Structure formats: structure tokens, C-alpha cells
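Please view the sequence and the structure together while reading.

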Amino acid sequence: MKSQTRRGFLKCFGLAGTVLAVGRAGFASEGAINDNGVGLLYDATRCVGCKACVAACKRANDLPPEKGSFDPEGIWDAPADLDGKTRNIVKLYRESESVWSYVKVQCMHCMKPSCVSVCPVSAMQQDADGRVFYDKTRCIGCRMCMVACPFIVPRFQWEKPLPQIVKCDLCKFSEVPRKGKPACAGVCPTEAVQYGRRRQLLAEAKRRTETNPGRYRSYVYGEHEVGGTNVLYLASAAVPFDKLGLPNLPNEAPAAFSEKIQHRIYKGFMAPLALYATLFFVATLNRKKLSKGGEKEEER
Amino acid sequence: MTEQVQYKPLGGTIFTRGLFVLLFFTIIGFSLIAVRFWKGIGAVSNMTDVFPLGIWITYDVATGTALACGGYAIALLVYILNGWHYHSLMRSAILLSFFGYILAGFSVVTDLGRFWNVYNIFMPSRWQFNSALLEVALCIMTYCLVLFIEFLPVILEWIRGLGWGTVSKFADRFAPKLDRVLIYFIVLGMTLPTMHQSSLGSLFLIATSKVHPIWHTMHLPLFFLLNCLFLGYGVVVLESTLSSYIFDREYEVRVLAGLAGAGAWIAVVWLVLRIADLAWRGRLGMAFAGGDRYSLSFLVEFLLIGAGAYCLFKPKLHSARWLFISGMLLIVGGGLYRFNVYLIGFNWTHHWKYFPALPEFLITVGIVAFKFLAYFVLIKILPVLPAKHEPHLAGSPDWSSLMQSKIKSSSNWHLP
């Protein structure tokens with residue numbers, strides 16, 4: 001019995017070494033939050049709702065049209081929301097004749113993205129410029145990215161037998177290599193969508209809210225939400241952000257919260273090994289006691 | 001007073017009427033799974049971009065594996081808490097766990113959108129160590145293997161009895177070798193569920209703004225772990241009374257009452273911790289208000305578990321019928337907790353609602369039917385259920401005295 005226990009412990013330590021080595025390699029890739037990424041600044045007060053960005057996005061990223069409910073023949077591309085064929089959309093919020101606003105919806109490119117944190121096979125990744133992109137060759141379609149995303153951005157092609165996740169990647173593979181900026185920012189006639197480094201976009205957004213306090217809500221959405229996003233929003237003073245589908249979210253990144261707890265529980269895989277060793281020790285001890293008790297009883 | 005626990009196949013006809021009913025639902029379910037692979041998930045399910053996980057994950061995986069925790073829960077009781085007199089329940093519990101987990105894995109593959117890419121899970125270069133799902137996936141796959149090894153002695157015993165010449169001789173030689181190393185796997189079989197059952201709760205830690213505040217807490221992993229334990233005990237009670245009823249065997253009331261008592265204690269601890277957690281987060285009022293569907297769902301979950309635990313603490317109610325009822329209460333309440341986290345309390349700020357489509361539901365029914373079908377066939381062929389029964393006791397003792405009276409009557413059991 002004793003030799004078995006010892007062997008068990010030795011095995012544990014051997015395993016611990018390997019796992020620790022693997023674990024280190026895994027955690028090394030998890031870098032500090034990058035605040036020098038690229039992103040978009042969307043100014044709802046400048047947007048005229050022409051949807052040129054929606055069409056340009058579909059063209060640049062080779063996405064098929066989506067039928068509208070009013071148009072059974074499918075003459076128009078009329079998606080009602082982000083979906084398996086739509087990475088970018090412009091919506092209208094209308095409260096009254098005078099209080100209304102357009103809003104452009106696409107991936108927020110969080111600085112600490114939840115979708116990247118939950119993906120088991122690294123199909124969602126964040127590049128050095130802070131862009132969050134999708135690698136369909138790795139994706140297994142578990143849809144945890146959709147569960148985790150606080151903005152409900154990643155969408156799934158439910159109707160296809162061989163589906164994929166659809167989500168804005170700031171034209172990382174399409175328009176940016178060709179023309180230097182994403183399709184939506186390139187086509188916008190009123191510069192409501194601008195592309196650039198987050199720091200510069202944030203400075204520009206603050207300049208606008210400070211010089212035009214009557215026009216803008218004095219808040220840049222995305223500066224602090226969920227740890228900060230690379231896509232920033234300005235809205236008109238009359239319309240709160242949550243009416244535009246931009247929810248009130250805490251400043252802590254959900255991914256930072258969950259990773260902190262998980263790593264606290266697992267302690268680089270040492271905790272499960274300690275658990276195994278403890279259970280093994282107790283179980284063999286109990287079994288030994290049992291067989292001894294049995295022998296005594298037999299003697300009697 | 002030494003006796004060896006003997007296991008015996010139940011025998012009898014395999015093709016009963018019940019089997020054909022189960023077969024019917026199995027065939028429907030599996031045909032619909034074929035449709036799912038041919039035409040896509042959208043063709044058979046009501047899942048949407050807002051509810052990307054439906055009942056396949058919520059029931060078959062998150063709840064199904066918890067219901068398959070009987071093997072885990074009993075192993076803890078036997079090997080860690082020294083409850084050796086529960087050992088006679090191990091084989092059937094492991095068989096149930098094995099099917100529960102294998103079919104949960106099968107449901108996952110049905111649910112995976114890009115199932116042909118699933119090999120990526122086996123490529124360490126692509127592992128992403130922040131992902132709770134990666135941990136769940138690897139852990140569940142390993143556990144299926146461990147459960148198979150834990151069940152292997154039963155298969156070997158069966159082969160030895162068949163008298164197949166060389167094959168039986170090989171089983172004869174192999175069985176003692178397996179016996180010597182089995183303890184390593186049994187302990188692994190207690191470690192792995194501790195990990196992945198808590199991780200099933202960790203999956204939703206990240207959905208801070210999406211899971212309703214009644215359920216979203218940093219203690220999700222702990223609650224899921226304790227929850228799977230009392231579900232595990234409940235299921236063994238249910239399974240044992242049910243198979244005694246169906247196959248007209250004597251009820252193991254005494255052993256089961258003790259087991260159910262363990263479940264009841266954990267359920268009570270769990271309820272107290274949940275209240276403490278709600279109070280700590282300042283959500284008690286929200287939970288007990290009873291005004292909206294979330295609060296109602298919480299209250300139902302709470303009352304079911306509370307009622308189940310209450311019945312189990314009453315020694316008067318330790319009859320086969322009441323054990324079955326209270327086990328059922330624990331299971332339905334504990335299962336509802338998992339539904340509340342995964343589905344009912346999910347994306348609560350949106351108007352979209354999810355209810356499973358009929359084909360989606362029938363796929364889950366088919367998988368469950370197959371689980372029962374395989375179980376009932378195998379206990380007739382393989383030596384899974386104990387041959388000898390403890391006498392039916394009129395007034396059963398309470399759990400604590402049962403725990404202390406331990407192993408006097410049967411100390412020479414053949415144990416791995």
C-alpha cells in the first residue's frame with residue numbers, strides 16, 4: 001500500500017512539471033491591455049443614415065444580401081439587425097419628431113475582449129493593433145463568444161449546414177490592406193465614421209464634446225465601458241446611449257473578472273493536482289483501515 | 001458475518017414493451033439529428049443570436065452531466081467519507097454516469113456549429129487557457145475514458161463467465177492487474193468532476209451583464225459543484241427505486257435513505273450559501289419579491305429543493321415511495337437552477353424569449369430515451385446490480401446513525 005502511495009505522489013509531481021510548463025506557455029500569450037490600438041469613432045450627430053457603410057461593408061467582405069420582411073422576392077438588401085450575413089448596420093432610434101438618432105452597430109473591438117477569453121481553440125483573437133478577428137479554420141462553432149459578448153455582436157449562420165461566426169474585423173483582411181481604412185470609414189460622406197488610433201480618436205471625441213456642449217452628450221461611450229473599447233461613440237445630447245442599444249456597463253472587463261476567479265481556483269493547475277493527491281491519500285488510507293478492520297473481524 | 005457483495009445480471013427478456021417505446025423515441029430523435037446535420041441547426045431549433053445555447057446544452061450537457069454525477073457522488077461517500085456500505089450502488093451509478101457523459105458528449109457534437117473542426121480541441125498549440133469551456137471539454141472527455149475504465153471490471157467479469165476460451169482466459173489474467181491500478185482511476189474519477197462541474201458554472205462568470213443578478217455571482221463555480229453532488233445522490237435514489245419497481249426487486253430503502261440524507265445535507269448547505277450570497281450582494285429583495293418571472297423561477301427552484309431536503313430529514317418519510325418523491329424534488333429543483341443560469345435568467349435585459357422548437361425538444365428526448373434504453377439492456381446482460389439485498393426495514397434509522405454504523409456487517413467486500 002505504501003509503495004503505491006509513493007508511486008502516486010511521484011507520478012503527481014511528474015505530471016505537475018509537464019502541466020506547469022504547458023501552463024506557462026499558455027499564460028505567456030496573455031499580454032497587457034493595449035491602449036494604442038486602431039478603432040472607429042462614430043458620431044451619431046453627423047450620421048445621415050444613408051447606409052452607404054452597410055453596402056460598402058457587404059461589398060468589401062463579400063457578404064450576401066439579407067431579405068427584408070417587406071420584400072419576399074429579395075430585391076433589396078434589408079437586414080433588420082446584425083446577422084449571419086451582416087457585420088455592420090445602421091439603425092434609427094425615434095422617440096418623437098424632434099428627438100431621434102441614427103446608430104451604427106458593429107463589433108466594439110473591446111480592449112479586453114470577452115469573446116477571445118472564452119474561445120477554447122483561439123479562433124477569436126486580438127492582434128497587436130487591438131483588432132478582434134475571427135479564424136474560421138479553428139472555430140468549432142461552440143458559440144461561447146456569443147454567450148460572452150456584452151454587446152451581442154458575434155452572429156451565427158443558423159440556416160447553413162456548414163456555418164460560421166460573422167463579426168466585424170475592421171476589414172483587417174479585406175479593405176485595410178488595399179485602401180488603408182475599413183470600408184465603412186472610407187465610404188462615409190459626412191465623416192460620421194472615422195478610422196484611426198484610439199488615442200487620437202478619443203482626443204478628437206473629447207474636443208468635440210467640449211467645444212459643442214449643447215450638441216453632444218458630454219460622454220464618450222467606450223472610453224471606460226468593459227475596460228475600454230476601440231470603437232468610440234458620440235451621441236446627441238437628447239438621446240441617452242442605452243436607447244441606442246449601447247447598454248450601461250461596468251468599467252471592469254468581464255473577461256478580467258472571470259479570468260481572475262478561474263486562475264485563483266486553478267493556480268496554474270497546481271490546485272487540481274493537490275486535490276488529486278489529497279483524495280488519493282485519504283482514499284488509500286480509508287481502504288487500508290477497512291481491510292485491517294476486516295481482518296480483525298475474521299480473527300474473532 | 002463476512003460476506004462478499006455479489007453482482008448478477010438481471011436476465012429476462014430484452015425486448016419488452018417498454019424497450020420498444022424507448023426505441024421509438026430514440027429513432028425519432030436520431031432521425032432529427034440527421035436532419036440537423038443535413039440542413040443546419042436553424043432547421044430544427046429555435047436558437048437565435050440572442051439565445052445561442054438552447055436546451056441541448058442546457059439540458060443534455062449542463063444538467064445531464066450533473067444528473068450523471070451519481071458515480072462521482074457515491075465514490076466520494078465511499079472512499080473519502082468511509083461509507084463502504086454504499087459500495088453496492090457503485091456499479092449501477094458508474095454505468096449511468098458513463099452513459100450520461102457519453103451522451104452529453106454526443107449532444108455537444110450535435111450542437112457544435114462547425115463540428116468537423118472539433119479536432120482543434122486536441123491541438124495543444126491552439127488551446128486557450130483562459131477558456132472555461134476548454135477545461136470542461138478536455139475534462140469531460142478524459143472523464144468518459146475514466147468511467148469506462150472504472151466499468152471495465154464489470155465487462156471483464158462478464159467475459160470470464162462466458163467461457164470463451166482464450167478471451168476469457170485473457171480476461172482472467174487481466175482483471176487482477178486492472179484491480180491493482182484501479183484506485184488511481186477511481187481517484188481521478190473524483191478529481192475530474194470536481195473540476196468540470198464547477199467549470200460549468202465558470203462558463204457564465206464572464207456574462208456579468210447578461211445573466212440575471214439573482215444568479216450571477218462570483219460563486220457560480222461553488223454553487224454548480226455542490227448542486228451536482230445533491231443531484232447525483234438524488235439520481236441514484238431515483239434510479240435504484242425505479243429499477244426495483246420496474247424489475248420487481250426488493251427496495252434498498254435503508255441504503256438509499258442514508259444516501260438521500262447525504263444529498264439532503266448538501267442541499268441545505270447549498271440553500272444557506274445561496275441566501276448568504278444573495279444577502280452579500282444585496283439581491284435578497286429582488287430574489288424574494290415574487291413579482292417577475294425571474295423571482296418566480298427562483299422561488300420555485302428554492303421551494304422544490306427545500307421541500308425535497310425537508311422530506312428527507314423526516315425519518316417517517318423513509319419509504320420507497322417518499323424517497324422517490326423527495327429525490328425527484330431535489331432533482332427537478334437542482335436542474336431548474338441550471339436552467340435558470342443557462343436559459344431562463346440569460347439575456348434578461350432583452351425582449352427576445354426562447355422556447356425550444358418541437359424537433360429540438362424531440363432530439364433531447366431521443367437522447368434521453370437512448371440513455372435509458374442502453375441502461376436497461378445492459379443491466380440485464382452485465383453483472384451491475386447487487387444480487388443480495390439488505391432487508392426491507394420498516395422504520396429506517398436516520399442518516400447520522402447509519403454513517404456511524406458503517407461496515408460491521410460486510411467488511412470483506414471485493415473492493416478495488
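Are A:Arg143 and B:Asp111 buried or exposed? In this predicted model, A:Arg143 is buried, and B:Asp111 is buried as well.

## A charged pair between the chains

The side chains of A:Arg143 and B:Asp111 form a salt bridge in which the closest N and O atoms are 2.8 Å apart. This pair crosses between chains, since A:Arg143 belongs to the loop between strand S5 (132–134) and helix H4 (144–148) of chain A, while B:Asp111 belongs to helix H4 (residues 90–111) of chain B. A:Arg143 also lies over the face of an aromatic ring, that of A:Phe156, at 5.2 Å from the ring centre.

B:Glu360 is buried yet has no salt bridge, and the nearest side chain of opposite charge is A:Arg143, 7.6 Å away. A salt bridge requires a nitrogen–oxygen distance within 4 Å. When neighbours within four places in sequence are left aside, the contacts of B:Glu360 are B:Val44, B:Ser45, B:Asn46, B:Met47, B:Gly54, B:Ile55, B:Trp56 and B:Tyr354.

## Salt bridges within chain A

Over all chains, the count comes to 26 salt bridges. Side chains of opposite charge can pair when their charged atoms come close. One of these pairs joins A:Glu175 to A:Lys179, with 3.2 Å from N to O. Because the two residues are four apart in helix H5 (residues 175–179) of chain A, A:Glu175 and A:Lys179 are separated by about one helical turn. A:Glu175 counts as buried at 9% relative accessibility, whereas A:Lys179 is exposed, with a relative accessible area of 61%.

A further salt bridge connects A:Lys206 with A:Glu223, the closest N and O atoms being 2.6 Å apart. This pair links distant parts of the chain, 17 residues apart, with A:Lys206 in helix H7 (residues 198–211) of chain A and A:Glu223 in the loop between H7 and strand S9 (231–234) of chain A. A:Lys206 is partly exposed, with a relative accessible area of 30%, and A:Glu223 counts as buried at 18% relative accessibility. Beyond such pairs, a network of salt bridges links A:Asp43, A:Arg46, A:Glu204, A:Arg207 and A:Arg208.

## Aromatic rings

The structure holds 36 aromatic pairs over all chains. In one of them, A:Trp100 and A:Tyr102 have ring centres 5.5 Å apart and planes at 75°, so the pair is edge-to-face. A:Trp100 counts as partly exposed, at 40% relative accessibility.

In chain B, one aromatic cluster is formed by B:Phe51, B:Phe204, B:Phe223, B:Phe224, B:Phe230, B:Trp270, B:Tyr337, B:Tyr342, B:Phe346 and B:Tyr354. B:Tyr354, a member of this cluster, is also among the contacts of B:Glu360 described above. Elsewhere in chain B, B:Arg91 lies over the face of B:Tyr7, at 3.9 Å from the ring centre.

## Chain A as a whole

Chain A has nine helices and nine strands, and 52% of its 300 residues count as buried. Among the contacts in chain A with a separation of 6 or more, 60% come from residues 24 or more positions apart. Chain A exposes about 14,300 Å², of which carbon and sulfur atoms supply 56%.

Technical notes:
Residues are numbered from 1 along each chain as its sequence is written. Chains are lettered from A and ligands numbered from 1 in the order in which they are written. This is a predicted model: local features need pLDDT of at least 70, side-chain atom pairs count only at pLDDT 80 or more; totals for chains, interfaces and linings use all residues. Side-chain values use heavy atoms; hydrogens and water are left out. Rings of Phe, Tyr and Trp (its six-membered ring) pair if their centres lie within 6.5 Å; planes under 30 degrees apart count as stacked, over 60 as edge-to-face and the rest as tilted. Buried means under 20% relative accessible area, exposed over 50%, partly exposed in between (1.4 Å probe, protein chains only). A charge sits over a ring if NZ of Lys or CZ of Arg is within 6 Å of the ring centre and within 35 degrees of the ring normal. Contact means heavy atoms within 4.5 Å. Accessible areas come from the Shrake-Rupley method with a 1.4 Å probe; for residues, only the protein chains shown count as cover. Lys and Arg count as positive and Asp and Glu as negative; His and the chain ends are not counted.
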